[in-house]
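Below is a short briefing on one helix of a protein model, its surroundings and one further residue.

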Amino acid sequence: MHRRSKQMSHPRHIAIIMDGNGRWAKARGLPRTAGHKAGVDSLRETIRAAGKMDIPFLTLFAFSSENWSRPRSEVSDLMGLLKLFIRRDLADLHRENVRVRIIGEREGLAKDIRGLLEEAEALTKGNSGLTLVIAFNYGSRNEITRAVQRLIADVASGALNEGDVTPEAISARLDTADIPDPDMIIRTSGEMRLSNFLLWQAAYSEFMFMPCYWPDFRPSHLIEAIETFQMRERRFGGVTAQEIAL
C-alpha cells in the first residue's frame, strides 16, 4: 500500500521511455511505420500537457544508440519522422516558450540530422518554460564512458586531482550536467526495464510501468502517473520519522 507524501510534491523532472509503437501497429495489422507516426501524435500531446502542468523538465527517449541495429528501412523512416517533427513543430515549441535540449552521442551523426538537432537547441536556448530533453542516439553506458574519459583527461592534465573524482564530478560531465535527475521515469508497453536509459540519473527515481502502448498514451495517463508518484514516500536511502519511532 502506497503512503501519501506529506508534501504531495509535484515531480520536477519526468522522463519517458516511449515503447510499443511496433506492437501497437502489429495488433492493428499495420506496418511498423504507422505505429511510429501514431507515436509522434502522442509525443505532441504529452509535451503540450507537461507544459500546461508546469512541469519544468520532460525527457523523452526518442532514439537509442542500439536502435541503429533495426532494419535500415525502419531507421530511415524514424529519421524522416524526426526531421518532419522538427520542421513542423519547432516553431510551435518556440512560441510556447519550450527550451529544447538534446542528449546523446553526436559524433558520427549524418550532417543534416545533427544540423537539425543543433538548430532546435539554438533557436530555443533563451526560452524559460518547459525544458524538453530529447535523448537521441543515446545510451547511458556510452554517456557514462564519455564522462569517465573526460575525468581521466582532466586528471592527466592536472586540472583535477584524483581525490576530486566524486559522484558530483561524474554528474557534472554527463550530458545532463545542468538538468536535475528525473523524479519519475515512465515506461509504456508493460515492459519493466530501463534499456540503457539514464542509468546514473535514475538512482532515486520512481518507476511507473504502464501497460498501454505509446501511441495510446494520453495526458490522462500522465496525470495518473503523477498522482501515483504523489502517493509514494521518497526516502533517498533514509527512513521516515515514523519508522524511527517504531
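Helix 3 is followed by N97, which has a positive phi near 70 degrees. The model is predicted: local features need pLDDT of at least 70, side-chain atom pairs count only at pLDDT 80 or more, and totals for chains, interfaces and linings use all residues. Residues are numbered from 1 along each chain as its sequence is written, and side-chain values use heavy atoms, with hydrogens and water left out.

- Helices are DSSP runs of H or I with at least four residues, strands are runs of E with at least two, and both are numbered from the N terminus.

**Helix 3: packing**
- Its buried residues (under 20% relative accessible area, 1.4 Å probe, protein chains only) include V75, L78, L82, F85 and D89.
- The buried residues of helix 3 pack against helix 2 (32-52), strand 2 (57-64), strand 3 (99-103), helix 4 (111-124) and strand 4 (131-138).

**R32**
- R32 lies in helix 2 and is partly exposed, at 39% relative accessible area (partly exposed lies between buried and exposed, the latter over 50%).
- Beyond its neighbours within four places in sequence, R32 is in contact (heavy atoms within 4.5 Å) with G22, A25, R70 and E74.
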